[in-house]
Amino acid sequence: MKKLLALTLCLAGALPLAAAQAQQGSAANFGPSQGDREFSLSGTGSSDRKFDNTNFGVSGEMGWYLRDHFILGVRQSVNYASIEGESLRDDFWNGSTRGYANLQTRDGRLRPFGGGSLGVIYGDGVRDSGFAGLEGGLKYYVLENTYVLGRVEYQWFFRRSSDAEDAFRDGAFAYTLGLGYNF
């Protein structure tokens, strides 16, 4: 049931993107080719209206195109949170390191993608553990090799591999916006 729900969500998100891609047409000079590399830098953040509770993070990733539409890579994220409260410390730092694999469309400036990741999370305010994730998003090429990136990840956390399936329902969403470059 869990796998069916995850697959249904991924497919439902991809259908409008595929329709938009079909209307857009081809732009052969945009995007990567087999053997190219990719680097991106992304960020996220939020604050309450008084700026008492603030969090932000940065994520860098490096990927390699094994095919025009298939990329493997590694991603490093660092997050900071300043939270006020009687029983809380003021600052929390955490990070995550993960490998990822994504499939994306091969033509046009707008390139939907989807895939998965596997890695570890560590730091203050989090339980050091492994996690797996499903992800999807869009890359829009503003120049031939430069793009704007939006990504949503659903991550679930586990201490042992036997815990991974049960942890799916207790996951969390991560949102990312950034810039990238193919070379």
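## Report on a predicted chain

In this predicted model, the chain averages a pLDDT of 82, and 74% of the residues score at least 70, where pLDDT is the predictor's confidence in each residue, from 0 to 100. Local features need pLDDT of at least 70 and side-chain atom pairs count only at pLDDT 80 or more, while totals for chains, interfaces and linings use all residues. Residues are numbered from 1 along each chain as its sequence is written, and side-chain values use heavy atoms, with hydrogens and water left out.

The chain holds two helices and eight strands, which follow one another in the pattern α-β-β-β-β-β-β-β-α-β; these elements are DSSP runs numbered from the N terminus, with helices being H or I over at least four residues and strands being E over at least two. Confidence is lowest in helix α1 (residues 2–24), at a mean of 49, and highest in β5, at 96. Over residues 17–27 pLDDT stays under 50, and the model has 18 contacts beyond four places in sequence for them, a contact meaning heavy atoms within 4.5 Å. Where pLDDT is low, the predicted coordinates should not be read in detail.

Of the 183 residues in the chain, 33% are buried, that is, under 20% relative accessible area, whereas exposed means over 50% and partly exposed lies in between (1.4 Å probe, protein chains only). The table sets out two buried residues.

| Residue | Relative accessibility |
|---|---|
| G108 | 0% |
| R151 | 3% |

G108 lies in the loop between β4 (91–104) and β5 (110–123), and its C-alpha atom is separated by 6.6 Å from that of F30, although the two residues are 78 apart along the chain.

F30 also belongs to the largest nonpolar core, whose eight residues are F30, Y65, I71, Y100, F113, Y141, Y147 and L149; such a core is a set of buried Ala, Val, Leu, Ile, Met, Phe, Trp, Tyr and Cys residues joined through side-chain atoms within 4.5 Å. A second, separate core has five residues, including A132, Y154, W156 and F168.

R151 is found in strand β7 (residues 146–158), and its side chain makes a polar contact with the side chain of E61 (3.0 Å). A polar contact is a pair of N or O atoms within 3.5 Å; within protein, one must be able to donate a hydrogen and the other to accept it, and residues adjacent in sequence count only if both atoms are side-chain atoms. Leaving aside neighbours within four places in sequence, R151 is in contact with residues including S59, E61, R75 and F113.
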